[in-house]
Amino acid sequence: MNNSQQRGTDRSAARRAELIAIGRKLFADTSYDALSMDDIAKQAGVAKGLIYYYFKSKRGYYLAIIEDSVADLVARAGRHDDLPPVDRVHRTIDGYLRYAEHHQAAYRTIISGGVGFDAEVHAIRDGVREAMIGTIAEGAYGRKDIPRLARTALLGWLCSVEGVALDWIGHRGLPRETVCDLLVRTLGDTLRVIEDFEPSYPAPARP
């Protein structure tokens with residue numbers, strides 16, 4: 001690829017990222033069904049054809065926005081590899097809650113599965129869960145490949161995290177630090193149950 005082609009590719013990627021950033025703001029305040037492509041183009045200040053060029057359809061645009069939100073969530077949650085395991089787990093949960101707090105519309109969409117029963121958004125959500133389970137497992141055990149029972153137990157805990165986070169951002173009656181401590185402690189309980197079933201996967205010592 002020559003320099004001219006590279007500049008064109010970079011400009012195209014930057015334009016696409018800009019449209020996704022605009023879309024994240026638009027869908028933060030308005031439901032998917034309430035926004036037409038004409039509305040989106042008008043509020044974004046671009047020609048409707050430009051959105052079709054990059055994303056093919058309104059649904060393609062929406063999925064790109066959700067995938068971008070997911071990448072942001074997973075990156076924030078797993079950004080503490082330099083910390084001791086217990087601190088890493090605590091920071092991971094705190095990062096997860098911070099994302100839910102500051103990107104409420106995107107978080108609700110990711111967790112609820114999108115518009116109606118949307119198989120592609122469900123698949124994206126399942127990818128988030130797998131990434132989070134891997135991050136927690138690596139923090140707790142130093143490895144992502146864990147027995148099926150341990151994975152199932154961590155998935156059960158993570159589903160409870162989603163419910164707690166949705167309730168918290170909906171009512172905001174507790175400080176984030178309190179919610180984080182609650183989730184860390186329930187994770188500790190889950191890890192100790194895993195140890196009962198899988199002694200070769202001991203729970204980290206209590207802090």
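Helices (H or I, at least four residues) and strands (E, at least two) are DSSP runs, numbered from the N terminus. The model described here is predicted, so local features need pLDDT of at least 70 and side-chain atom pairs count only at pLDDT 80 or more, while totals for chains, interfaces and linings use all residues. Residues are numbered from 1 along each chain as its sequence is written, and side-chain values use heavy atoms, with hydrogens and water left out.

The protein has nine helices and zero strands. From the N terminus on, its elements run α-α-α-α-α-α-α-α-α. Buried residues make up 42% of the 207 residues. Here, buried means under 20% relative accessible area, exposed means over 50%, and partly exposed lies in between (1.4 Å probe, protein chains only). Contacts (heavy atoms within 4.5 Å) were also sorted by distance along the chain. Among contacts between residues at least 6 apart in sequence, 66% join residues at least 24 apart.

Thr190 lies in helix H9, which spans residues 176-197. Thr190 counts as buried because its relative accessibility is 15%. Neighbours within four places in sequence are left aside in the contact list of Thr190. That list holds Ala153, Leu154 and Trp157.

The annotated segment comes next. In an unreviewed UniProt entry, the annotation "DNA-binding region" covers residues 36-55. UniProt positions are given in the numbering used here, feature names are shortened, and annotations may be inferred rather than shown by experiment. Over residues 36-55 the chain is 80% helix and 0% strand. The end C-alpha atoms of this stretch are 14 Å apart. Ala41 has its place in helix H2 (residues 37-44). With a relative accessibility of 4%, Ala41 counts as buried. Not counting residues up to four places away in sequence, Ala41 touches Val46, Ala47, Lys48 and Ile51. Ala41 and Ile51 are 10 residues apart in sequence, and 7.4 Å separates them in space, C-alpha to C-alpha.

Two loop residues have positive phi values. Lys56 is found in the loop between helix H3 (48-55) and helix H4 (58-77). Its phi is about 75°, although Lys56 is not a glycine. Lys56 is exposed, since its relative accessible area is 65%. Arg172 sits in the loop between H8 and H9. Phi of Arg172 is near 50°, again a positive value in a residue other than glycine. Arg172 counts as partly exposed, at 40% relative accessibility.

Helix packing was examined for one pair. Two packed helices are described by the angle between their axes and the distance between the axes. The axes of helix H6 (residues 104-112) and helix H8 (residues 148-171) come within 11 Å and cross at roughly 145°. Axes are lines fitted to C-alpha atoms, for helices over the stretch in contact, and angles run from 0 to 180 degrees between N-to-C directions. The crossing of H6 and H8 is left-handed. A crossing is left-handed if the near helix is turned anticlockwise from the far one by less than a right angle, and right-handed if clockwise. On the H6 side, Gln104, Tyr107, Arg108 and Ile111 take part. They meet Val161, Glu162, Ala165, Leu166, Ile169 and Gly170 in H8. By class, this contact of H6 with H8 has six nonpolar, two polar and two charged residues. Ala, Val, Leu, Ile, Met, Phe, Trp, Tyr, Cys and Pro count as nonpolar, Asp, Glu, Lys and Arg as charged, and the others, Gly among them, as polar.

Gln104 is found in helix H6. Gln104 is partly exposed, with a relative accessible area of 24%. Residues up to four places away in sequence aside, Gln104 touches Ile169 and Arg172. Gln104 and Leu166 are 62 residues apart along the chain, and their C-alpha atoms are separated by 8.7 Å.

His90 lies in helix H5 (residues 85-102). At a relative accessible area of 30%, His90 is partly exposed. Beyond its neighbours within four places in sequence, His90 is in contact with Cys180, Asp181 and Val184. His90 and Arg185 are 95 residues apart in sequence but 9.7 Å apart in space, C-alpha to C-alpha.

Cys180 is buried, with a relative accessible area of 0%. Cys159 is partly exposed, at 33%. A disulfide is a covalent bond between the sulfur atoms of two cysteines. The structure holds zero disulfides, counted as pairs of cysteine sulfur atoms within 2.5 Å.
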